[in-house]
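Subject: Handover of a structure and its findings

Dear colleague,

Please find the structure below, together with an account of what was found in it. I would be grateful if you would read the two side by side.

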Amino acid sequence: MKFKCYDKNDRPDEMTFKMFYSLLDRVLERNEHRSCERQYELFENNYYNLLYVYDNDKYTGSLAYWDLGDLCFVEHLCVEPESQSNGYGSQLLGYVENKLHVPVVLEVEPAGTYVTDRRIRFYERCGFKLSPMEYWQMPLNDGDEPLRLSIMYTHDLNCKELERFVSLIRKIVYKKDSEKN
């Protein structure tokens, strides 16, 4: 298994980006990721990073994250469906945690279905805790509505720290100042 991370001043080659975006488009709903053009523009942002993994020269998955200094926000963790349950996702998360040594925050769909419950259990096995606070993801595309999600995080964060991190994510990732959690 080979990891590659594009750092702050680099962009993935065209083929890697196409594989990454194709995976996002296949496994996520349209309102859960940006348009292809807007996704590619993120590489101009110094906070945005893309980590991807190949196994035997085959693209297997990616983790897109925002290095916000004292916080890491995981925007997307996607593994090819046929490669899931082989440890790629947990290794991608572990790589980022070991590299940055800061709390990691991510968004998940609320519990209640087989798929969302399974996803939450996966993140819990990776050391994440599910926050009880109400949370709304800001729209990623024009015409989208805010999306009710849940927050998961590593480290022991109190409510005030979590609220500060959510505010930082809104300001930098979504470029919004909103009253809605």
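A pocket is defined on a 1 Å grid over the protein atoms alone: it is an open set of points where a 1.4 Å probe fits, with protein on both sides within 12 Å along at least five of seven lines, and its lining residues have an atom within 4 Å of a point. By this definition, the largest pocket is lined by 33 residues, and those nearest its centre are Leu77, Gln84, Arg119, Phe122 and Tyr123. Two or more lining residues come from each of β4 (72-79), α3 (88-100), β5 (104-108) and α4 (114-125). Helices (H or I, at least four residues) and strands (E, at least two) are DSSP runs, numbered from the N terminus. The element that gives the most to this lining is α4, with 8 residues.

Before going further, please note that this is a predicted model, in which local features need pLDDT of at least 70, side-chain atom pairs count only at pLDDT 80 or more, and totals for chains, interfaces and linings use all residues. Residues are numbered from 1 along each chain as its sequence is written, and side-chain values use heavy atoms, with hydrogens and water left out.

The space in the largest pocket comes to about 1000 Å³. A volume here is the space filled by probe spheres set on the grid points, which are joined across faces, edges and corners. Sorted by class, the lining of the largest pocket has 16 nonpolar, 8 polar and 9 charged residues. For these classes, Ala, Val, Leu, Ile, Met, Phe, Trp, Tyr, Cys and Pro count as nonpolar, Asp, Glu, Lys and Arg as charged, and the others, Gly among them, as polar.

The second largest pocket has a volume of about 300 Å³. Its lining consists of 18 residues, with Arg34, Arg38, Leu42, Val173 and Lys175 nearest the centre. In this second lining, 7 residues are nonpolar, 3 polar and 8 charged.

I turn next to the interior. A nonpolar core is a set of buried Ala, Val, Leu, Ile, Met, Phe, Trp, Tyr and Cys residues joined through side-chain atoms within 4.5 Å. Buried means under 20% relative accessible area, exposed over 50%, and partly exposed in between (1.4 Å probe, protein chains only). The largest nonpolar core has 36 residues, and Phe20, Trp66, Leu68, Phe73, Val105, Ile169 and Tyr174 touch the most other members. At least two residues of this core come from each of α1 (14-27), β2 (48-55), β3 (58-67), β4, β8 (147-153) and α5 (159-172). The largest share, 6 residues, is supplied by α5.

What does Leu68 contact, leaving aside its neighbours within four places in sequence? Leu68 is in contact (heavy atoms within 4.5 Å) with Tyr47, Phe73, Leu168, Ile169 and Ile172. A second, separate core has 22 residues, including Leu51, Val102, Ile120 and Tyr123.

The structure also holds 8 salt bridges. A salt bridge is a side-chain nitrogen of Lys or Arg within 4 Å of a carboxyl oxygen of Asp or Glu. Three of them follow.

- Asp144 and Arg30 meet in a salt bridge (2.4 Å, N to O). The pair links distant parts of the chain, 114 residues apart: Asp144 is in the loop between β7 and β8, and Arg30 is in the loop between α1 and α2 (36-41). Asp144 counts as buried because its relative accessibility is 11%, whereas Arg30 is exposed at 51%. Leaving aside neighbours within four places in sequence, Asp144 is in contact with Arg30, Asn31 and Pro139.
- Lys18 and Glu14 form a salt bridge (3.0 Å, N to O). These two residues are 4 apart in helix α1, so about one helical turn separates them. Both Lys18 and Glu14 are exposed.
- Asp156 and Lys129 form a salt bridge (3.5 Å, N to O). Asp156 lies in the loop between β8 and α5 and Lys129 in strand β6 (residues 129-130), so the pair ties together parts 27 residues apart in sequence. Asp156 is exposed, at 66%, and Lys129 is partly exposed, at 32%.

Finally, Ser90 lies in helix α3 and is partly exposed, with a relative accessible area of 33%. Beyond its neighbours within four places in sequence, Ser90 is in contact with Phe122 and Cys126.

Yours sincerely
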